[in-house]
Amino acid sequence: MAPLSGLRVLDLTMWRPGPYATQLLAQLGADVLKVEPPGGEPMRAFRSHFDLLNQHKRSVVLDLKSAEGRARCRELAAAAEVFVEGFRPGVADRLGVGHAELRRANPALVYCSLSGYGAEGPLADVPGHDINYRAHAAALAPDAISPTADELPVADMSAATMAAFAITAAVLHARATGEGERIDLGMADVLAHWVATVPEATTTTAPSTEAPVPNATQHRVGPVPGYGVYRTSDGRGITLGVVSEDRLWAAVCRALELPDLAGLGFGERLKRVRELDETVAAAVARFRADEALKRLRAEGAPVAPILTRAEMMAHPHFVARGVVADGTVGSPVRTAVAKPLPPGEAPELDAHRGEFWRG
């Protein structure tokens, strides 16, 4: 019998982070029931990816925009031990499958929300993808260039692994106490926590504002237009995280004064990757970093500055979420019931000789 045999997991996640988290549980024996929208999860269009992230699961189609679909989802959640969702903050509540709603019927339910910046905090509503979370978490070097299509999505995979760990810990607590949990896990939080565990002296320093401005030949084209690292007129790096979303592409185009390109759909953008990405790079290079960030944020574009470790440690978002606390490392897992311990002292050598287990 596998270690997690008998654990019932209702999985409403799509794409990569959530499905990888629940697959880790499934590989250890959990019964993972994958809820997909009519027509299936969009990742099914990329079967080589989908099949690797959804092994050992079962699938059911539910239309959460219909009363019947919502009712069936709530029925399944009432008999589950774990519920995992990867919607933007607030969407699960609007669909009638939010944390408060489901735990009223199932107080022992472990409810995990997995999102880019978490459900609460100054950055909670900011759109983004892996490259943006890495930038905000100081997990990109100041001289970073755009990733290739096959580069490991570090934020996605690290957060998924942390989610599986946090879920398992919360299930242990729920089985012992009958009290469920709300786990609010941000992908950027996990990387920021990792960076915070590396002492300041070993990290790279911020680039000089006098750095030479890279020319067009120094920009590496990313996997899709509008995804990667872009240099501003003052030599700083910012990240854009457009993948397939037309609304995010349009936001970038509005901000960078490229109105003629704003209406291009994803299919057309894929046919013109180099041309369009180099156009975006040239447009970003017209502005200083502060102006580019202001413009892009105002339009709701998925943008993030490449922060240094010191900037990340002082960032209001990571401070508010407890990822860093009192200038030191906090916890990447944010829970509502059983809270992680605050920062503490490391033990001196052999300081607890002769002691036994607590409690």
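I began with helix α1, whose buried residues I listed as Pro 17, Gly 18, Pro 19, Ala 21, Thr 22, Gln 23, Leu 25 and Ala 26. That makes eight of the 11 residues in α1 (residues 17-27), and I noted the helix as mostly covered. I keep in mind that I am reading a predicted model. Just after α1, I found Gly 29 with a positive phi of about 105°.

Next I looked up the largest nonpolar core, which holds 53 residues, and noted that Val 9, Val 82, Ile 167, Ile 183, Leu 185 and Met 312 touch the most other members. The element that gives the most to this core is helix α7 (residues 154-177), with 11 residues. I then followed Ile 167 and, setting aside its neighbours within four places in sequence, recorded contacts with Leu 25, Val 82, Val 84, Val 110, Cys 112 and Ile 183. Of these, Leu 25 is also on my list of buried residues in α1.

I turned to aromatic rings and found two pairs in the structure. Phe 83 and Tyr 111 are stacked, with 4.8 Å from centre to centre and 20° between the planes. I traced this pair to distant parts of the chain, since Phe 83 belongs to strand β4 (residues 82-85) and Tyr 111 to strand β5 (residues 110-115), 28 residues apart. Phe 83 has a relative accessible area of 0% and is buried, and Tyr 111, at 1% relative accessibility, counts as buried as well.

The other pair, Tyr 117 with Tyr 133, is edge-to-face, at 5.1 Å centre to centre and 90° between the planes. Because Tyr 117 lies in the loop between β5 and α6 (130-136) while Tyr 133 lies in helix α6, I noted that the pair ties together parts 16 residues apart in sequence. Both Tyr 117 and Tyr 133 are buried.

Finally, I checked positive phi in residues other than glycine. His 56 has a phi near 70° and sits in the loop between α2 (47-53) and β3 (58-61). Asp 326, with a positive phi of about 55°, I placed in the loop between β10 (324-325) and β11 (328-329). Asp 326 is exposed too, with a relative accessible area of 82%.

Conventions:
Residues are numbered from 1 along each chain as its sequence is written. This is a predicted model: local features need pLDDT of at least 70, side-chain atom pairs count only at pLDDT 80 or more; totals for chains, interfaces and linings use all residues. Side-chain values use heavy atoms; hydrogens and water are left out. Rings of Phe, Tyr and Trp (its six-membered ring) pair if their centres lie within 6.5 Å; planes under 30 degrees apart count as stacked, over 60 as edge-to-face and the rest as tilted. Helices (H or I, at least four residues) and strands (E, at least two) are DSSP runs, numbered from the N terminus. Buried means under 20% relative accessible area, exposed over 50%, partly exposed in between (1.4 Å probe, protein chains only). A nonpolar core is a set of buried Ala, Val, Leu, Ile, Met, Phe, Trp, Tyr and Cys residues joined through side-chain atoms within 4.5 Å. Contact means heavy atoms within 4.5 Å.
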